[in-house]
Amino acid sequence: MYDIVVIGSGPAGLSAAITGRMRGKNVAVVSNDRTATGLYKAAKIDNYPGMPAVSGAELLGKMTMHAAGIGAELIRGRVTAVLPMGQEFSVSYGSEMLSGRALILATGVAPASTFPGEERLLGSGVSYCATCDGMLYRGKKVCVVCHSPDAEEEAAFLESIGCEVVRLTTRKIVINGDMRVTSVTADGEEIPCEGVFILRPSIAPSTLVPGLEVSRGHIVVDRKMRTNIPGVFAAGDCAGAPYQVAKAVGEGQVAVLAAVEYLAGNQ
Amino acid sequence: MEELLHLTKDDFAEKTSAGVALVDFWAGWCMPCKMLAPVIDELAKEYAPRGVTVGKVDIDAEMELANAYAVMSIPTVIIFKDGEEISRYVGVQPREVYAAALDKILAGDVDAAAETVSPVKD
């Protein structure tokens, strides 16, 4: 059990991890591959104080080394579910799970929008997690929307368990079906299938954390970065604009200090 | 624990046909299902003495049951009253969500409990 679990290893998450460690807490940061993120791909950031003209990759690299060097445990994985259980939170990622006494969501900018049919059929053939639901589609034909670096891994896993996999990379997707998925229309072409796995870089926080209050694509937080769920905090782009590194770093720190205060109150 | 039943296609209908029943459809390879297991255990301890049948279906062994109840994503928890599906929850939910629904049905307010919950979106 960790004191604090951080989801997301961008500037907000790493800042939270660093200050959390300095406060003597044991901290785990779980994050998916971030090489396809806007920050990682940014050639030049000119407004991060002290580091003019730094590339996003270099900035992330330095922050990651700082967090690792100070003892934060950095774990690679796609978080698939979060379950608040009173005094602790369980977090599943891939086929593993860990738990923490407080949770900081630093998941980044929310996905722009869902595909037509996606929300209606979520749980009825639409899934965000191949390792969770894949076995239900063994021997069946499924589409995998590959919008994340780890999507190929998930698609290969589905094939290994006997699914017939159609990989889609287009953004022009419509999911069809009445009570369950019957086909996916991709770039105008209809592909009959029994399920569709949509793999974006991260799963929307409101989907991950049951009952989390969100508004217009952002997690709702107060000035201490507290969400509506006690013990759950949010920082960085997922908590709102501006989508800037310096703002994320500041919020990550505020969030972890609030988490430390929360933990002290729960002794 | 005797309060938690493991249901198969042989006894599912019999055990859910009368009274209130909560069934968790799960599988061993699904990590969120494992996360939910302690919540289901707690519900069994709390509600079995109140006459609720709390059971689990391992869909690996009981694929027929999973198909019969249109389980397409796991975990899926279904609450039945007298054999009829009242509410369905896809994905993990905190204990309070299931408990609130059970409390409403036990209090006689079936309509208030009726809901289908999928992983929440924006």
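Which residues of helix α5 (residues 151-160) of chain A are buried?

1. The structure is a predicted model. Chain A holds 7 helices and 16 strands. Its radius of gyration is 19 Å, which agrees with the value near 18 Å that a compact globule of 267 residues would have. The C-alpha trace of chain A spans about 55 × 45 × 35 Å along its principal axes. Of the 267 residues in chain A, 50% are buried. Among the contacts in chain A with a separation of 6 or more, 60% are between residues 24 or more positions apart.

2. In helix α5 of chain A, the buried residues are A151(A), E154(A), A155(A) and L158(A). These residues lie on the same side of α5(A), because the arc they cover around the axis is only 100°. The spacing follows a general rule: an α-helix has 3.6 residues a turn, so residues three or four places apart point the same way. A156(A) and S160(A), on the other side of α5(A), are exposed.

3. What do the buried residues of α5(A) pack against? Their partners are α4 (130-133), β8 (141-146), β9 (164-168) and β13 (195-199) of chain A. After α5(A) comes G162(A), with a positive phi near 95°.

4. Two residues of chain A other than glycine deserve a look for their backbone angles. A53(A) has a positive phi of about 60° and sits in the loop between α2 (38-41) and α3 (56-69) of chain A. M225(A) also has a positive phi, near 65°, and belongs to the loop between β15 (218-219) and β16 of chain A. Are these residues buried or exposed? A53(A) counts as exposed because it has 10 C-beta neighbours inside 10 Å, and the cut-off for exposed is 12 or fewer. M225(A) has 28 such neighbours inside 10 Å and therefore counts as buried, the cut-off for buried being 20 or more.

5. Each chain has a cis peptide bond to point out. In chain A, such a bond joins A241(A) and P242(A), with omega about -5°. P242(A) is placed in the loop between β16 (232-234) and α7 (245-265) of chain A. In chain B, a cis peptide bond joins I74(B) and P75(B), and omega is about 5°. The loop that holds P75(B) runs between α3 (63-68) and β4 of chain B.

6. Chain B contains an open sheet of 6 strands with mixed pairing, in the order β1-β3-β2-β4-β5-β6. Which strands stand at the edges? They are β1 (4-6) and β6 of chain B; each has a single partner strand, so one side of each is without a neighbour in the sheet. From one strand to the next, the twist averages 25°.

7. Strand β5 (residues 84-90) of chain B is largely enclosed by the rest of the structure, because 5 of its 7 residues are buried. β5(B) pairs with strand β4 (residues 76-81) of chain B in the antiparallel sense, over 6 bridges. Within this pair, S87(B) of β5(B) is the bridge partner of I79(B). The hairpin of β4(B) and β5(B) has 2 residues between the strands, and D82(B) in this hairpin takes a positive phi near 50°.

8. β5(B) also pairs with strand β6 (residues 115-117) of chain B, here in the parallel sense and over 3 bridges. R88(B) has T116(B) in β6(B) as its bridge partner. Y89(B) stands opposite V117(B), also in β6(B). As a general point on such strands, side chains in a regular strand alternate between the two faces of the sheet.

9. α2(B) lies across β1, β2 (20-26) and β3 (53-58) of chain B, and runs at about 155° to β3(B).

10. How many residues does the contact between the chains take from each? The contact takes 30 residues from chain A and 23 residues from chain B. On the side of chain B that touches chain A, helix α2 (residues 31-47) of chain B gives the most, with 6 residues. That side of chain B divides into 16 nonpolar, 4 polar and 3 charged residues.

Key. Residues are numbered from 1 along each chain as its sequence is written. Chains are lettered from A and ligands numbered from 1 in the order in which they are written. This is a predicted model: local features need pLDDT of at least 70, side-chain atom pairs count only at pLDDT 80 or more; totals for chains, interfaces and linings use all residues. Two residues are in contact if their C-beta atoms, placed from the backbone, lie within 7 Å. Helices (H or I, at least four residues) and strands (E, at least two) are DSSP runs, numbered from the N terminus. Ala, Val, Leu, Ile, Met, Phe, Trp, Tyr, Cys and Pro count as nonpolar, Asp, Glu, Lys and Arg as charged, and the others, Gly among them, as polar. The radius of gyration is taken over C-alpha atoms; the globule rule is 2.2 Å times the number of residues to the power 0.38. The arc is that of the directions from the helix axis to the C-beta atoms. Two strands pair if DSSP finds at least two bridges between them. Axes are lines fitted to C-alpha atoms, for helices over the stretch in contact, and angles run from 0 to 180 degrees between N-to-C directions.
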